[in-house]
Amino acid sequence: MQSIHQQTAAHTRTKTMDLVLTGILSAIVLVSTVFINIKLPIGQGGLIHLGTGALFTAAILFGPKKGALAGAIGMGLFDIFGGWLIWAPTTIIARFLQGYIVGKIAWSNGHRGNSVKLNILAAVASTPVMLAVYYIGQAIMYNNWVAPLASIPGDLIQSIVGMLIAIPLCLTLKKTPFFRNR
């Protein structure tokens, strides 16, 4: 009887820690998106911000579920409270998928975000999906299938900046005792 109680308590602690960690990662993505964001002069919207780097970092360090939720929640909240409300549904879908793809690839074949090549591949592979979701979302919002093409360069820059931040940051963090012992 004691064993079942201990297993239940351990499971509850794990679920609580997962929830807390996902909340913290979402907050980091939100703050990273708010901290520095530069509105692009081209396209129907779009920003260059540090949130993509935080999304990539969360997905590489903690896997697909936490990466997907951190990206969707963090950047979705930015859109909701930052004056970009119309973009929130598109952002939530795009960033959920992007975080999931990055985490899934970075954590594939027993790797836990510890292969630089897989991490780079993950970020690169997630970018066309993010571009496609934003393109389709913008085309629907503005009822125009040509205008969204102008936003693609800015979205590409955002992913490149995110990679340039996340890959070295993850390499450094993976050397810390917290991640080395996981």
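How far apart should the ends of helix α3 (residues 64–81) be at 1.5 Å a residue, and how far apart are its end C-alpha atoms? In this predicted model, the 18 residues of α3 should span 26 Å, and the end C-alpha atoms lie 25 Å apart, which agrees with that expectation. Buried positions in α3 comprise Pro64, Lys66, Gly67, Ala68, Ala70, Gly71, Ala72, Gly74, Met75, Gly76, Phe78 and Asp79. Just after α3, Gly83 adopts a positive phi of about 90°.

The same check was applied to helix α2 (residues 51–62). Its twelve residues should span 16 Å at 1.5 Å a residue, and the end C-alpha atoms are 16 Å apart, in agreement. Helix α2 is mostly covered, with twelve of its twelve residues buried. The buried residues of α2 are Gly51, Thr52, Gly53, Ala54, Leu55, Phe56, Thr57, Ala58, Ala59, Ile60, Leu61 and Phe62. Just after α2, Gly63 takes a positive phi of about 95°.

With helix α4 (residues 88–106), the axes come within 8 Å and cross at roughly 40°. The two helices are therefore oblique to each other, and α2 passes α4 in a right-handed crossing. On the α2 side the contact is formed by Thr52, Leu55, Phe56, Ala59 and Ile60, and on the α4 side by Arg95, Gln98, Gly99, Val102, Gly103 and Ala106. Sorted by class, this contact contains six nonpolar, four polar and one charged residues.

With α6, the axis of α2 comes within 7 Å, again at a crossing of roughly 40°. That angle makes α2 oblique to α6, and the crossing is right-handed. The residues of α2 in this contact are Thr52, Gly53, Phe56, Thr57, Ile60 and Leu61; those of α6 are Gln158, Ser159, Gly162, Met163, Ile165, Ala166, Ile167, Leu169, Cys170 and Leu173. The contact of α2 with α6 has ten nonpolar, six polar and no charged residues.

Helix α5 (residues 116–142) and helix α6 (residues 152–173) pack at an angle of about 155°, their axes being 10 Å apart. These helices are therefore roughly antiparallel to each other, the threshold for that description being an angle over 145 degrees. The crossing of α5 past α6 is right-handed. From α5, the contact draws on Val116, Asn119, Ile120, Ala123, Val124, Thr127, Met130, Leu131 and Tyr134, and from α6 on Ile152, Asp155, Leu156, Ser159, Met163, Ile167 and Leu171. Its composition by class is twelve nonpolar, three polar and one charged residues.

Beyond residues up to four places away in sequence, Thr127 touches Gln98, Leu156 and Ser159. Thr127 is 94 residues from Thr33 in sequence, and the two C-alpha atoms are 17 Å apart in space.

Ser159, in helix α6, has a relative accessible area of 1% and is likewise buried. With residues up to four places away in sequence left out, Ser159 touches Thr52, Phe56, Gln98, Thr127 and Met130. Gln98 is in contact with Thr127 and with Ser159.

Asn109, in the loop between α4 and α5, has a positive phi of about 50°. At 76% relative accessibility, Asn109 counts as exposed. Asn143, found in the loop between α5 and α6, also has a positive phi of about 50°. The relative accessibility of Asn143 is 68%, so this residue counts as exposed.

Terms used:
Residues are numbered from 1 along each chain as its sequence is written. This is a predicted model: local features need pLDDT of at least 70, side-chain atom pairs count only at pLDDT 80 or more; totals for chains, interfaces and linings use all residues. Side-chain values use heavy atoms; hydrogens and water are left out. Axes are lines fitted to C-alpha atoms, for helices over the stretch in contact, and angles run from 0 to 180 degrees between N-to-C directions. Helices (H or I, at least four residues) and strands (E, at least two) are DSSP runs, numbered from the N terminus. Angles under 35 degrees count as roughly parallel, over 145 as roughly antiparallel, 65 to 115 as roughly perpendicular and the rest as oblique. A crossing is left-handed if the near helix is turned anticlockwise from the far one by less than a right angle, and right-handed if clockwise. Contact means heavy atoms within 4.5 Å. Ala, Val, Leu, Ile, Met, Phe, Trp, Tyr, Cys and Pro count as nonpolar, Asp, Glu, Lys and Arg as charged, and the others, Gly among them, as polar. The expected span of a helix is 1.5 Å times one less than its number of residues. Buried means under 20% relative accessible area, exposed over 50%, partly exposed in between (1.4 Å probe, protein chains only).
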